[in-house]
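Look at the chain below and find its two ends before reading on. The paragraphs that follow go through some of its helices and residues in turn.

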Amino acid sequence: MNVCVLGAGTMGHGIAQVSAMGGHDVVLRDIDEDIVERGLDHVRENLQGGVDRGKVTEAERDATLERLSGTTDLETAVADADLVVEAVPENEELKRDVLSEAEEYVSADCVVASNTSSISVTGIASALDDPTRAIGLHFFNPVHIMGLVEVVVAEQTSESTRKFAEEFVEGVGKTAVVVEDSPGFASSRLGVALGVEAMRMVQEGVASARDIDASMELGYNHPMGPIELGDVVGLDVRLGILEHLREELGERFRPPTILRKKVRAGKLGKKSGEGFYVWEDGEIVGVSGEGDDE
């Protein structure tokens, strides 16, 4: 199968990697050559890390890289694709525009997917001439490690598109959970509900970020606490999801003041080096604001 991933950022290069590891020929496309090359570099680093840890063989690494290429040319990227997955920033208008433009060049039977974590796939699909080919494929970060993909069925999605998406997900070694298109789907809605309450608890001084995370990791067997997870996902991403869910579902999803302050200050989490925690080389080295009044 030929797969095209539109967007070479964190999610995009991750989706490209697992697709290539699953045996598909993959084109990673972005609007800037430097962004494309950074995405490919991240894939190389991830694969080498897998080799170093004994999770990936050298032969698997080399075969994966052989199946992966990058470009800035949209028509070239999607022309032979059986599946196009957009992984651009979480903005509905942008996603609609990107997939609508891609549809001009794809074949009649190409499936078009959005890697959105909360935006209506039905709304995105409505921008297409053939919305029956549209579906949501919500991968989780880090893509090469996380085993879940939400398959989000839009109102227009055909049965053949749904089956194709499920088979693709299973073929790249992930577990597909099928959900109907609704605000926040299943994972984002539940995940941010826990995360936003944890942030409110930090804001109110109920407990420290470390202790809140420890309570969920040790008491409920979560692999990562809700505060740390917010930092890993990106606090700007969390804020965007909450604002969308608040609009769709009501005030229980109102973003807390502490989250808005951090995003305004550029403290976006792991990717910026500081969020609720302080990060260095991908590891937590401290707590943001520890010792002050934040």
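Two residues are said to be in contact when they have heavy atoms within 4.5 Å of each other. The model is a predicted one, in which local features need pLDDT of at least 70 and side-chain atom pairs count only at pLDDT 80 or more, while totals for chains, interfaces and linings use all residues. Residues are numbered from 1 along each chain as its sequence is written, and side-chain values use heavy atoms, with hydrogens and water left out.

Start with Ser188, which lies in helix H8 (residues 187-204). Helices (H or I, at least four residues) and strands (E, at least two) are DSSP runs, numbered from the N terminus. Is Ser188 buried or exposed? Buried means under 20% relative accessible area, exposed over 50%, and partly exposed in between (1.4 Å probe, protein chains only). Ser188 has 7% relative accessibility, so it counts as buried. Apart from neighbours within four places in sequence, Ser188 is in contact with Ser117, His138, Ile241 and Leu245.

Gly9 sits in the loop between strand E1 (2-6) and helix H1 (10-21). With a relative accessible area of 34%, Gly9 is partly exposed. Met11 belongs to helix H1. Leaving out neighbours within four places in sequence, Met11 is in contact with Ala87, Asn115, Phe139, Phe140, Asn141 and Val143.

Helix H1 also meets helix H2 (residues 33-52): their axes come within 9 Å and cross at roughly 55°. Axes are lines fitted to C-alpha atoms, for helices over the stretch in contact, and angles run from 0 to 180 degrees between N-to-C directions. Angles under 35 degrees count as roughly parallel, over 145 as roughly antiparallel, 65 to 115 as roughly perpendicular and the rest as oblique. H1 and H2 are therefore oblique to each other. On the H1 side the contact is made by His13, Gln17 and Met21, and on the H2 side by Gly39, His42, Val43, Asn46 and Leu47.

A second pair is helix H11 (residues 235-249) and helix H12 (residues 257-264), which pack at an angle of about 135° with their axes 9 Å apart. H11 and H12 are therefore oblique to each other as well.
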